[in-house]
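Please look at the sequence and the model below before reading on. The text then goes through the fold and its side-chain contacts.

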Amino acid sequence: MLTLRAKLPKQAKQKYDEWICNSLWEKIKEHNFKTVHCYLPMGKEINITPLIEKMLNEKIRVITPKTLPKRKLQNLVLTSLN
């Protein structure tokens with residue numbers, strides 16, 4: 001799946017990323033979520049940066065994992081993408 005995703009044409013991936021962000025945003029609003037746990041996209045991962053920005057602007061608490069040694073994660077509150 002990683003190889004297939006990496007081979008997607010740039011324009012197709014952008015449309016897919018946008019569709020995913022919009023679909024997730026609809027669910028977040030539908031259920032009135034106040035906190036959302038998500039990843040910070042890297043490389044060819046689905047770009048959810050626009051969704052994260054929207055959540056921060058709407059004062060939805062965003063929690064993201066930080067990778068620690070020995071495959072451990074620390075969950076942190078994200079306050080900005082800067």
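This is a predicted model: local features need pLDDT of at least 70, side-chain atom pairs count only at pLDDT 80 or more; totals for chains, interfaces and linings use all residues.

Residues are numbered from 1 along each chain as its sequence is written, and side-chain values use heavy atoms, with hydrogens and water left out.

The protein has three helices and three strands. Helices (H or I, at least four residues) and strands (E, at least two) are DSSP runs, numbered from the N terminus. Read from the N terminus, the order of the elements is α-α-β-α-β-β. Along the principal axes, the C-alpha atoms fill a box of roughly 35 × 35 × 25 Å. Of the 82 residues, 23% are buried. Here buried means under 20% relative accessible area, exposed means over 50%, and partly exposed lies in between (1.4 Å probe, protein chains only). The areas themselves come from the Shrake-Rupley method with a 1.4 Å probe, and for residues only the protein chains shown count as cover.

The sheet can be followed through its pairings. Two strands pair if DSSP finds at least two bridges between them. Strand 1 (residues 35–37) pairs with strand 2 (residues 61–68) in the parallel sense, over three bridges.

Backbone angles are the next topic. Most residues other than glycine have a negative phi, and most peptide bonds are trans. Asn32, which is not a glycine, has a positive phi near 55 degrees. Asn32 sits in the loop between helix 2 and strand 1 and is partly exposed, at a relative accessible area of 49%. In sequence Asn32 is 28 residues from Ile60, while their C-alpha atoms are 9.4 Å apart in space. Lys59 also is not a glycine and has a positive phi, of about 65 degrees. The loop between helix 3 and strand 2 holds Lys59, which counts as exposed because its relative accessibility is 73%.

The side-chain contacts include two salt bridges. A salt bridge is a side-chain nitrogen of Lys or Arg within 4 Å of a carboxyl oxygen of Asp or Glu. In one of them, the side chains of Lys13 and Asp17 meet at 2.6 Å, N to O. Lys13 and Asp17 are four residues apart in helix 2, so about one helical turn separates them.

Glu30 is exposed, at 53% relative accessibility, and Lys27 is partly exposed, at 45%.

The structure holds one aromatic pair. The rings of Tyr16 and Trp19 have centres 6.0 Å apart and planes at 20 degrees, so the pair is stacked. Rings of Phe, Tyr and Trp (its six-membered ring) pair if their centres lie within 6.5 Å; planes under 30 degrees apart count as stacked, over 60 as edge-to-face and the rest as tilted. Tyr16 and Trp19 are three residues apart in helix 2, which means a separation of about one helical turn.

Together with Leu8, Tyr16 and Trp19 make a nonpolar surface patch of about 330 Å². Patches are made of residues with over 30% relative accessible area and no salt bridge, with like charges joined within 9 Å and nonpolar side chains (Val, Leu, Ile, Met, Phe, Trp, Tyr) within 5 Å. Leu8 lies in the loop between helix 1 (2–7) and helix 2 (10–30). Leu8 is partly exposed at 37%, Tyr16 is partly exposed at 41%, and Trp19 is exposed at 53% relative accessibility.
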